[in-house]
Amino acid sequence: MNVDINELAHYYAKVNIRIIDVGRAVVPPGKKCFGARTPPFSGLVFPLRGRARMFFNGVPYEMEYGKIFHAGPGMSLDKEVLGQSEWDFMVIHYQVSNSEKGVFPYDLAHFQLETGYNTRINDLLHRMHISCTTPGSLPALQAKSLFFGILDEILTCAGNRRNESGREIVEQAMAYINSHYMEPLTIPKLAAQYGLNSKQFAYLFQKHTGMGPNEYLIEHRVRRAKELLCTTECSVSEISASVGYSDPYYFSKLFKKRTGFCPSTLQSCLGKNTG
């Protein structure tokens, strides 16, 4: 499930949450368990050491340190420890009040967030574990406060990593456009190269460049066409084709709209100036 970080933060800020418990388990290598179910509570799973594969409602997740996983209540659960090391993890079980379950769809869902290596999350998690196993109202209040501190750290780190990943994708896409602008490029085709749909790709591109991918492609083609008009004796039809437009009439209209000049007029003016 694709998770909107801001939306998730908005939901967690609004709903009333009850902490059920914080547990830790160490599972030996090679251990497998199939046909189980998650508890009747939502849960956040924190890998600490080793690797495992878990299936929530049949969807596989590769669990390792640097990733946080969420599972809803009563989901089918299959799991197996990978490699030769023990699988060490902690889990926070929580529950959203019945009156708010309809407005918080994420508590019933399974998803993954990548935080990278973050010792602060581990520190908060262990402190929360101590608070949850200590009787009294004050430790219970501390546990709830620590829970939201953990959420804040998770969502901040996950959001930052997504921004870095998005910037890298956009830089790769820009380089690809610069090298393949003469080909019949489409936004769906570009987006598919990076495992995104058109809407996701356009959003990332706009966010990191200030313009949409189609706008960037047009600007690059027009700029390249202008260079060719100024430095070669190629015809308008030849230049149109060389920058990715098979219809020279359409290219001429686009070029004039973008630069204020018809390509043939610009070409003749440059010819007179150089003559």
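I started with F56, which is buried at a relative accessible area of 2%. Buried here means under 20% relative accessible area, exposed over 50%, and partly exposed in between (1.4 Å probe, protein chains only). The model is predicted: local features need pLDDT of at least 70, side-chain atom pairs count only at pLDDT 80 or more, and totals for chains, interfaces and linings use all residues. Residues are numbered from 1 along each chain as its sequence is written, and side-chain values use heavy atoms, with hydrogens and water left out.

**Aromatic rings**

Next I looked up Y61, which counts as buried at 6% relative accessibility. F56 and Y61 form a tilted aromatic pair, 5.7 Å centre to centre with 45° between the planes. For pairing, ring centres of Phe, Tyr and Trp (its six-membered ring) must lie within 6.5 Å; planes under 30 degrees apart are stacked, over 60 edge-to-face, the rest tilted. I found 15 aromatic pairs in the structure. I also noted one aromatic cluster, formed by Y12, Y94, F147 and F148.

R221 lies over the face of Y245, 4.9 Å from the ring centre. The rule I used: NZ of Lys or CZ of Arg within 6 Å of the ring centre and within 35 degrees of the ring normal.

**The loop at N57**

I checked the backbone at N57, a residue that is not a glycine, and found a positive phi of about 50°. Most residues other than glycine have a negative phi. N57 sits in the loop between strand 4 (51-56) and strand 5 (59-63). Strands are DSSP runs of E, at least two residues; helices are runs of H or I, at least four; both are numbered from the N terminus. N57 counts as partly exposed, at 44% relative accessibility.

**Helix 3 and helix 5**

How do helix 3 and helix 5 cross? The axes of helix 3 (residues 137-180) and helix 5 (residues 198-209) come within 9 Å and cross at roughly 95°. I took axes as lines fitted to C-alpha atoms over the stretch in contact, with angles from 0 to 180 degrees between N-to-C directions. The two helices are therefore roughly perpendicular (65 to 115 degrees; under 35 is roughly parallel, over 145 roughly antiparallel, the rest oblique).

I then listed the contact residues (heavy atoms within 4.5 Å). Helix 3 gives N163, G166, R167, V170, A173, M174 and I177; helix 5 gives F201, L204, F205, K207, H208 and T209.

F201 and F205 both lie in helix 5, four residues apart, about one turn of the helix. Both F201 and F205 are buried. Their rings form a tilted pair, at 5.8 Å centre to centre and 55° between the planes.
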